[in-house]
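I will go through one protein model, a few places at a time. Please keep the picture in view while I talk.

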Amino acid sequence: MNLNRNDLCWCGSGLKYKKCHIEFDEKLALLAEQGFEVPPREIIKTKEQIEGIRKSAKINNAVLDLVADNIREGMSTEEIDKLVHDYTVSQGAIPATLNFEGYPKSVCTSINDEVCHGIPSENIILKNGDIINIDASTILDGYYSDASRMFIIGEATEEAKKLVEVSKECLRVGIEAVKPWGFLDDIGAAVQELAAKNGFSVVRDFGGHGVGLEFHEEPFVPHVGRKGEGMILVPGMVFTIEPMINAGSYEIFIDSDDDWTVLTRDGSLSSQWEHTILVTEDGVEILSK
Ligand code: MF3
Ligand code: CO
């Protein structure tokens, strides 16, 4: 797609290319020439796409607010699934996980030593002291959003409370590390440093991801890494940051009974928070949280 200066810009702004993304494209081309990893154009969202993702995220946020208002000891994770499913559908949206690569439910519910992708069940009852991650994702008019939060049921141990708090901070410092024209791995570097300082470890086998037009897009967003490495971040990129922090080792395994649930290998607790973010001209906009 080689545009002339007077052609309409590829981003759908209605402006001539020379008045819109030409400088942006030239900057990226130069960086690529210099050997930096740059994002492909398909993952740079247009204004219209960003508006669509924003609307999707609004519903996704409301889903998690609804869970926050209703989650309680004695409830089954199946009941959470029903809440999420029914609310999402009532808004004219679709839960993104439902039937995604065979995943059977509308939300992921991961308790204690479950790292992520726990499947709701009427046999799983929330009990005092549990920590649980609720991971919701929404499709509205074809646009995807994704976020997760932790909930503490009743009174948890000091260690569990600290893990939940630190993992939330890990997400915060990860987001703070996002700068337009900065580096993707700055995120992982920040997350890893904070987790390690608190004696916790960071899961490596799963990460964040581009999102918006599909559930999982480029780039993979590692939560460990070295500053100044990885893809260049540019305005218009939309991706999740979703650090999974373990109280013990970062090693995980997948439950062979359901082929979905990810657990810590050593049985230690795991905690995760996730936002979908947009890289802007001057920083970051949080879309779903
Ligand atoms: N929100 C989760 C993620 O992006 C969903 C994973 S796909 C599922 O990691 F099928 F496991 F839900
Ligand atoms: Co995600």
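One definition to begin with: helices, of at least four residues, and strands, of at least two, are runs assigned by DSSP and numbered from the N terminus. Please also keep in mind that this is a predicted model.

If we skip neighbours within four places in sequence, P40 makes contact with E218 and M231. P40 and L28 are 12 residues apart along the sequence, and their C-alpha atoms are 9.6 Å apart in space.

Next, pairs of helices. Two packed helices are described by two things, the angle between their axes and the distance between those axes.

Take α2 first. Helix α2 packs with α3, residues 77–90, at an angle of about 145 degrees, and the axes are 10 Å apart. The crossing of these two helices, α2 and α3, is right-handed. Which residues make the contact? On the α2 side they are I59, A62, V63, L66, V67 and N70, and on the α3 side I80, L83, V84, Y87 and T88. Sorted by type, the residues of the α2 and α3 contact are nine nonpolar, two polar and no charged.

One residue from that contact is worth a stop. L66 belongs to helix α2. Is L66 buried, partly exposed or exposed? Its relative accessible area is 24%, so L66 counts as partly exposed, because buried means under 20% and exposed means over 50%. Not counting residues up to four places away in sequence, L66 touches L83 and Y87.

From α4 the contact uses V166, E169, C170, V173 and G174, and from α5 it uses I187, A190, V191, L194 and A195. By type, the residues of this α4 and α5 contact are eight nonpolar, one polar and one charged.

Now the nonpolar cores. The largest one has 47 residues, and those that touch the most other members are I131, V178, I187, M237, F239, I241 and I245. Which elements give two or more residues to this core? They are α1 (22–33), α4, α5, β9 (238–241) and β14 (275–279). The largest share, eight residues, comes from α4. There is also a second, separate core of 19 residues, and I80, V107, I134 and I153 are among its members.

I245 was on the list for the largest core. Leaving out neighbours within four places in sequence, the contacts of I245 include L163, S167 and C170, and also V191 and A195. Further along the sequence numbering, I245 is in contact with F200, S201 and V202, and with L269, S270 and S271.

A few backbone details follow. Where is the cis peptide bond from E218 to P219 placed? P219 is in strand β8, residues 217–221, and the omega of the bond from E218 to P219 is near -10 degrees.

Then there are two residues with positive phi. E101 is not a glycine, yet its phi is positive, at about 50 degrees. E101 sits in the loop between β1 (94–95) and β2 (108–111), and at 66% relative accessibility E101 counts as exposed. D259 also has a positive phi without being a glycine, near 60 degrees. D259 lies in the loop between β11 (252–254) and β12 (262–264), and with a relative accessible area of 57% D259 is exposed.

Last, K289, in the segment after β15 (284–288). K289 is partly exposed, with a relative accessible area of 46%. Apart from neighbours within four places in sequence, K289 is in contact with N61, L64, A147, R149, E274 and H275. K289 and E26 are 263 residues apart along the chain, and 33 Å separates their C-alpha atoms.

That is my last stop. Thank you.

Definitions and conventions:
Residues numbered from 1 in each chain as written. Chains lettered and ligands numbered in written order. Predicted model: local features only at pLDDT ≥ 70, side-chain atom pairs only at ≥ 80, totals over all residues. Heavy atoms only, no water. Contact = heavy atoms within 4.5 Å. Nonpolar A, V, L, I, M, F, W, Y, C, P; charged D, E, K, R; others polar. Core = buried A, V, L, I, M, F, W, Y, C linked by side-chain atoms within 4.5 Å. Buried < 20%, exposed > 50% of the residue type's maximum accessible area, 1.4 Å probe, protein only. Axes fitted to C-alpha atoms, helices over the stretch in contact; angles between N-to-C directions. Left-handed = near helix turned anticlockwise from the far one by under 90°.
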